[in-house]
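Please examine the structure shown below.

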Amino acid sequence: MTVDIHRDPWGIPRLRAGSARHLAHAQGLAAARDRAWQLEVDHRRLRGTSAAFLGPGAVGWDVLVRRARLAQTARRCFLALDDATRAWVTAYTEGVNAALPQAAREAPEFADTGVTPARWQPWVPLGIWLSAHLLFTGMPGKLWRAEVAHRLGPEAVAWFSGGDVAAAGSNGWLLTGEHTASGAALLAGDPHRYVEDPGCYQQIRLTCPEFDVIGFALPGVPGIPHFGHTGAVAWGITNAMADYQDLYRERLRRGDNGVEALGPDGWRPTEHGVETVEVAGGDPVTVEVIETERGPVLIGGPDDPEAISLRHVPRVTGALGFAALPRLLRARTVADIDRALDAWVEPVNVVLAADTEGGTLHRVAGRVPVRHPDNRQYPVPGWDPRHAWEPNAYEPLGRATVDGLAVMANERGLAAPLGVEFLPGHQHRRIGELLAGASGLTARDMEAVHADTVAGGAGALLEALNRLADLSPEAAGLRKRLNDWDRRMDADSRDATAYAAVRAACVRLLAERPPFTALSDLAAQGITPANGDRPGAACPEALRPWLDLGPRVAFALPTLLTPGTVPGLDPDAVVRAALDEVAAVGDEHPPWGERHRLAAWRALPGAPAFDVGGLSGDADCVLATASVPGVTDLSARGPVARYAWDLARREDSRWIVPLGAHGTADHPHHHDQAPLWRAGRLAPVILDDGRLTHEESIPVGASTAVPRPAVHRRTVEGFGTVTVVPVDPVADLDLIHGWVSDERAAFWGMRDAGREGVLEIYEFLDTLDTHHAYIVHRDGVPVALFQTYDPAADEVGAHYDVQEGDLGVHLLIAPPRGPLRRDLTTGLMPTLVAFVLSDPAVRRVVAEPDTRNTKAVERALRTGLELGPVIQLPHKRAQLAFLTRPEEG
């Protein structure tokens with residue numbers, strides 16, 4: 001059996017396999033080949049280790065994800081998956097691991113940074129998903145609202161209701177057959193996110209006997225979760241703008257038993273630890289990781305007046321919704337899509353779908369917990385029982401009937417009861433205007449909608465300009481020019497630049513006026529405690545953009561320019577000053593595209609970004625290449641993909657991404673789609689086998705896993721063959737957990753760790769060069785857990801004089817299965833000693849059993865170890881024992 005990889009003329013992979021599991025393996029392999037550096041960066045960002053090669057600029061994110069415990073949450077969610085979904089995800093990571101080493105050798109970023117690709121554990125795709133969506137809800141906006149209410153009063157929060165500054169958005173629309181040339185539905189849209197190089201979406205086709213799907217994959221995640229077409233049914237999503245993550249104010253204190261948190265039932269112990277973030281070109285950063293009964297603490301700690309913790313559904317329940325992903329691939333009707341999305345957890349989305357039978361679907365998918373209304377607005381006190389979540393209770397999700405045309409664009413629509421901040425609806429209204437009453441439309445006609453540049457928010461500023469009287473000739477001329485302007489933010493429009501200049505001046509001048517100056521330094525100040533005392537805990541660097549005044553004023557500009565909104569503020573005076581300022585510069589403005597260019601994020605300090613050229617559009621256009629007025633005319637956010645799914649003929653569908661299919665900058669398919677994307681056009685979806693290039697056929701067996709080879713094998717006469725194999729933290733989890741949680745393993749110290757804790761421990765050991773774990777087999781039967789370590793890199797090394805060539809060992813004999821044969825340890829120990837001493841660098845074996853574990857001490861003596869001193873370790877009183885390599889000759 002083989003997996004076949006083909007490429008279309010754009011370099012987009014078409015993968016074909018004999019089963020869904022083998023296809024998942026192939027998808028992971030293709031993702032690693034095409035996006036090796038991107039996968040490595042996302043993997044390390046998930047673990048909070050990216051600053052080790054990206055430098056000080058990445059520290060803020062690493063600290064945040066460690067405090068949020070994203071990696072641990074991903075492990076928890078992975079272990080909670082059903083068996084079939086867990087195997088499917090595992091196959092994907094096996095594909096990544098199979099291809100990543102060679103792909104890394106071909107990607108220059110690895111050589112430039114000296115980074116060696118890290119092995120993926122099967123839970124990593126869930127962690128990539130969590131990391132990508134941690135700030136998807138605008139959850140940090142609760143910090144902003146709390147600070148505004150504290151400084152300006154609760155009524156001031158409504159002044160900034162123009163939408164959250166960093167909320168991810170999208171456009172999506174569905175046309176039923178009466179509007180189309182074919183009589184079948186058309187589904188189109190474009191997700192808006194921060195633009196990355198390489199892009200955050202990957203075009204792909206996945207084919208096996210069970211399904212044949214085209215769509216956009218997220219590199220690092222199996223399947224096609226957001227935008228796909230199976231041939232019989234197609235779907236797309238937008239951000240519902242729902243609020244499903246809570247922030248809790250926490251009061252913490254240090255006690256004899258660690259850190260405690262004040263909850264509804266008084267002071268309760270927390271989970272507490274300390275981690276270190278390594279920083280390339282800087283000093284290591286120590287991170288105190290604390291979790292209360294509400295959730296992980298993101299801001300502050302026990303030395304601050306208050307801290308802030310995060311509560312969200314995956315952390316609480318272990319459910320992330322990954323079971324929906326393979327179900328979407330197998331869908332044939334909108335009813336199948338609907339059932340699949342019943343398992344969806346987060347992010348909460350609005351979904352449109354249509355099938356070839358004429359069915360349509362318009363619904364919200366995800367889980368929004370039931371709790372006090374204030375939880376959606378601000379950080380709430382964790383010690384107040386009124387703010388606890390109702391156990392296992394979730395808000396009802398909206399549905400709507402599609403009557404000819406349905407549009408979703410993050411406006412206050414189906415998800416209105418679930419959220420706080422929504423976009424003002426400019427894109428929603430404009431798409432409706434362009435499509436209402438239209439007929440005979442095709443997928444190609446959707447390009448004109450995607451590329452529409454009418455500035456939906458321009459009316460508020462123009463109305464304010466027209467309220468002004470007694471203007472100077474220069475100001476009057478500029479106002480006339482803007483009134484005559486067609487309101488299109490086209491790249492070649494100089495009028496668009498003039499409008500943007502006046503808008504930017506308004507933002508800057510407003511931010512300099514009372515009462516807004518009270519909000520000008522929030523990012524540098526601490527988070528205000530509930531009682532108003534100062535100083536508060538410092539806001540983490542990764543959350544500070546939500547506290548910046550400039551973007552908040554920019555996106556609230558239509559509201560702030562409305563007379564009477566802000567007491568004591570004369571908005572007309574601000575607009576007049578802005579108009580005079582811009583008019584004084586003269587009327588020669590460059591084309592908008594000279595100022596409005598793409599600023600894609602690249603995860604390599606100093607790496608030049610690819611210049612796609614001048615952009616049309618802006619934040620309030622359907623072509624949402626968003627700038628931040630008053631801050632920058634560059635666009636960091638925009639359509640990270642566009643699609644038009646044709647339900648009559650899938651081959652007539654169209655799609656595009658900002659750059660291209662491949663992640664390496666000098667690859668021919670790195671930026672070949674950029675000219676089309678910049679122009680608002682779409683590339684054809686190529687399904688014709690005759691236009692594909694065969695890349696490779698890869699033999700696969702019943703399992704896609706690459707078994708870990710034995711590192712030592714020895715046959716002992718009268719005992720059997722002993723094999724020593726490195727631990728696979730996931731594959732061996734059930735075995736190890738059963739052993740370490742057995743009553744006989746009390747001295748191993750892991751009886752209460754749980755499966756999640758055991759996985760975390762052995763996966764951590766798997767990443768170290770100084771510590772190693774092995775399963776010992778006797779005639780193919782697992783009988784022991786054997787671990788080795790460098791004492792100089794372990795706590796033990798601080799309590800005795802470590803000699804060069806010392807190697808520490810731990811041995812856990814498996815619980816008996818039937819009568820325990822007396823010769824087990826007698827037969828094992830010589831083999832394990834021979835294994836350890838097979839490394840000529842090892843001069844002395846060191847053991848340190850608990851002094852109460854008399855069986856282990858006796859076993860050491862029988863093996864020939866000599867007793868040393870007794871030492872006091874943090875978790876036990878240990879008896880040191882040593883075995884020196886015999887002198888040769």
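Helices and strands are runs assigned by DSSP, a strand (E) having at least two residues, and they are numbered from the N terminus. The model in view is a predicted one. In this model, strand β34 spans residues 844-847, and Arg-844 lies in it. Is Arg-844 buried or exposed? Residues under 20% relative accessible area count as buried. Arg-844 has a relative accessibility of 10%, and therefore it counts as buried. Neighbours within four places in sequence are left aside when the contacts of Arg-844 are listed. The contacts that remain include Tyr-800, Asp-801 and Gln-803, as well as Phe-882, Leu-883 and Thr-884. Gly-805, Asp-806 and Leu-807 are also among them.

Thr-562 and Glu-463 are 99 residues apart along the chain, and their C-alpha atoms are separated by 9.4 Å.

The next topic is the packing of helices. Two packed helices are described by the angle between their axes and the distance between the axes. Helix α1 covers residues 20-47 and helix α7 covers residues 124-133; they pack at an angle of about 80 degrees, with axes 9 Å apart. Because of this angle, α1 is roughly perpendicular to α7. On the α1 side, Asp-42, His-43, Leu-46 and Arg-47 take part, and they meet Val-124, Gly-127, Ile-128 and Ser-131 in α7. The residues of this contact divide into 3 nonpolar, 3 polar and 2 charged.

Helix α1 also packs with helix α3 (residues 59-68), here at an angle of about 55 degrees and with the axes 7 Å apart. The two helices α1 and α3 are therefore oblique to each other. From α1, the contact involves Arg-44, Arg-45, Leu-46 and Arg-47, while α3 contributes Trp-61, Asp-62, Val-65 and Arg-66. By class, the contact of α1 with α3 has 3 nonpolar, no polar and 5 charged residues.

The last topic is empty space inside the model. Rolling a probe the size of a water molecule over the atoms shows where empty space is left. How many cavities of 30 Å³ or more does a search of the whole structure find? The search finds 6. The second largest cavity has a volume of about 70 Å³. Its lining includes Trp-37, Gln-38, Val-41 and Asp-42, together with Glu-196, Asp-197 and Pro-198, and also Trp-601 and Ala-603. This lining divides into 5 nonpolar, 1 polar and 3 charged residues.

Methods
Residues are numbered from 1 along each chain as its sequence is written. This is a predicted model: local features need pLDDT of at least 70, side-chain atom pairs count only at pLDDT 80 or more; totals for chains, interfaces and linings use all residues. Side-chain values use heavy atoms; hydrogens and water are left out. On a 1 Å grid over the protein atoms alone, a cavity is a set of points where a 1.4 Å probe fits but cannot get out, and a pocket is an open set with protein on both sides within 12 Å along at least five of seven lines; lining residues have an atom within 4 Å of a point. Grid points are joined across faces, edges and corners, and a volume is the space filled by probe spheres set on the points. Ala, Val, Leu, Ile, Met, Phe, Trp, Tyr, Cys and Pro count as nonpolar, Asp, Glu, Lys and Arg as charged, and the others, Gly among them, as polar. Axes are lines fitted to C-alpha atoms, for helices over the stretch in contact, and angles run from 0 to 180 degrees between N-to-C directions. Helices (H or I, at least four residues) and strands (E, at least two) are DSSP runs, numbered from the N terminus. Angles under 35 degrees count as roughly parallel, over 145 as roughly antiparallel, 65 to 115 as roughly perpendicular and the rest as oblique. Contact means heavy atoms within 4.5 Å. Buried means under 20% relative accessible area, exposed over 50%, partly exposed in between (1.4 Å probe, protein chains only).
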